[in-house]
Amino acid sequence: FNEKTYLLNMTHFLEYYRLRFKNLSRPPDLPISPKHPTISSTSPSILPTKPISMKYHIVIFAILSILLSACSDDDQIQPAEKRSFTIEKPLDFQNMEYGQKIAFVKYTTNCSSIFDQLVFQPDTLILELTPSFIPNNFYVSEYYTPYSESFDAQPGAVYYEITEAEDYLLIPDRHESAIFWFYANDTLRINPVATVNLTQDACFLKHDNDQVFVGNDIGTVDKFRLGNEVYEDKTAVSCEPFFDLDAYILYDQNTFLANHVTWFGENNVQGWLKLDDQ
């Protein structure tokens with residue numbers, strides 16, 4: 001959608017009908033669109049003999065308003081601070097297919113006040129399934145929306161493979177992904193048979209023995225809260241233990257929900273939350 005071209009064409013459209021109904025010649029300095037004919041006052045076949053009625057102004061204004069509204073809703077990507085995002089085919093682990101998408105908004109907070117200091121940043125990240133020649137295999141196209149703060153630094157997409165199996169996803173080359181880069185394993189279990197119990201402690205997930213969750217275990221979190229977002233009985237996986245950080249991916253049987261990263265010796269926390277599908 002090119003807003004400048006659209007508005008220029010609409011200007012020609014309105015000028016055409018203004019001249020047609022008022023029996024005036026087109027100003028010589030007005031640029032002519034190749035899609036619209038030049039209007040001449042000597043062309044009686046297209047010029048009425050009566051002045052324009054107010055109802056024609058109202059009709060033209062109504063048409064223009066509807067068209068502009070449609071472009072705003074359908075063609076422009078919503079800004080990141082909104083808590084919903086228009087997606088026709090949301091990502092679904094149970095029925096993955098080309099064209100499915102998921103949208104995330106970036107957040108920041110701090111470990112000492114994780115519940116009331118969460119701020120949504122002006123970054124929206126899209127993960128979209130694109131075709132592959134291998135059965136049950138997709139390429140993920142991961143990219144920022146044009147309204148995102150990080151778009152100028154990374155205007156293109158990052159691509160990596162994801163393979164769908166009966167009860168797991170295989171993501172072997174995930175290290176350039178903003179969502180999966182720290183993940184300790186290349187296999188994500190959708191329906192894990194055995195999990196460890198986890199509890200949130202400020203910005204960390206911990207085992208029952210108060211040890212911080214890290215490594216290749218798969219956990220079930222009874223309740224995980226970020227600001228006003230609360231996730232109950234969700235699956236969690238963690239980071240590779242040789243990183244100087246603690247990080248988690250939260251998901252359920254249908255889709256990804258969040259990732260969450262905090263660094264050793266720092267109070268800062270950042271991550272990505274799934275935006276609600278409209």
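**Exercise 1.** In which strand is Asp 233 found?

*Solution.* Strands here are DSSP runs of E with at least two residues, numbered from the N terminus, and Asp 233 is found in strand β11, which covers residues 229–238. The model is predicted, so that local features need pLDDT of at least 70 and side-chain atom pairs count only at pLDDT 80 or more, while totals for chains, interfaces and linings use all residues. Residues are numbered from 1 along each chain as its sequence is written, and side-chain values use heavy atoms, with hydrogens and water left out.

**Exercise 2.** Find the residues that touch the most other members of the largest nonpolar core, and say which strand supplies its largest share.

*Solution.* A nonpolar core is a set of buried (under 20% relative accessible area, 1.4 Å probe, protein chains only) Ala, Val, Leu, Ile, Met, Phe, Trp, Tyr and Cys residues joined through side-chain atoms within 4.5 Å. The largest such core has 33 residues, of which Leu 127 and Phe 256 touch the most other members. Its largest share, four residues, comes from β12. A second, separate core of 25 residues includes Ala 103, Ile 114, Ile 126 and Phe 213.

Definitions and conventions
Buried < 20%, exposed > 50% of the residue type's maximum accessible area, 1.4 Å probe, protein only.
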